[in-house]
Amino acid sequence: MSKPLPHSTSFLIILLAGSGVLHFLRPEPFISIVPKMLPRKRELVYVSGLVELLGAGLMSVPRTRRLGGVLSAGLLTGVFPANVSMAIGAAGRPRWYQAAAWARLPLQLPLIWWAWRSGRADHALDRAT
């Protein structure tokens with residue numbers, strides 16, 4: 001019998017799955033932050049949404065949790081340029097939006113770490129839940 005899913009991992013799965021679904025239901029905000037130099041923005045948004053859903057699904061199963069964590073950490077690392085693009089493109093927007101866009105950048109590192117650690121069956125977050 002496998003250990004119950006840690007609350008922190010459950011929360012991350014919900015975040016990833018929710019974001020993945022939004023990539024399909026409302027792709028426009030995601031398309032708008034894809035760096036200008038990249039082609040096929042809509043397709044990239046759909047692929048990243050699919051990878052988020054796949055990572056969430058893999059993390060929800062004990063046998064594939066490690067793969068899901070690595071996949072999710074890789075995705076979160078890969079979309080960092082879109083977050084930078086969003087921050088740079090925030091000029092001219094309300095100050096609160098600009099502040100949030102720039103503040104989001106350093107928060108990406110703990111999110112990547114969280115995904116990476118959630119893929120480990122014996123991680124420290126297990127003991128906190």
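## Basis of the model

Residues are numbered from 1 along each chain as its sequence is written. In this predicted model local features need pLDDT of at least 70 and side-chain atom pairs count only at pLDDT 80 or more, while totals for chains, interfaces and linings use all residues, and side-chain values use heavy atoms, with hydrogens and water left out.

## Packing of helix 1 and helix 3

Helix 1 (residues 7-25) packs with helix 3 (residues 41-59) at an angle of about 155°, their axes lying 8 Å apart. Helix 1 is therefore roughly antiparallel to helix 3, a term used for angles over 145 degrees, and their crossing is left-handed, that is, the near helix is turned anticlockwise from the far one by less than a right angle.

## Aromatic pairs

Rings of Phe, Tyr and Trp (its six-membered ring) pair if their centres lie within 6.5 Å, and planes under 30 degrees apart count as stacked, over 60 as edge-to-face and the rest as tilted; the count comes to three aromatic pairs. Phe-24 and Tyr-46 are stacked, at 5.3 Å centre to centre and 0° between the planes, and this pair joins helix 1 to helix 3 across 22 residues.

Phe-24, at 37% relative accessibility, is partly exposed, as is Tyr-46 at 28% (buried means under 20% relative accessible area, exposed over 50%, partly exposed in between, with a 1.4 Å probe and protein chains only). The rings of Trp-96 and Tyr-97 form an edge-to-face pair, because their centres are 5.8 Å apart and their planes at 80°; Trp-96 is exposed at 63%, whereas Tyr-97 is buried at 18%.

Conventions. Axes are lines fitted to C-alpha atoms, for helices over the stretch in contact, and angles run from 0 to 180 degrees between N-to-C directions. Helices (H or I, at least four residues) and strands (E, at least two) are DSSP runs, numbered from the N terminus. Angles under 35 degrees count as roughly parallel, over 145 as roughly antiparallel, 65 to 115 as roughly perpendicular and the rest as oblique.
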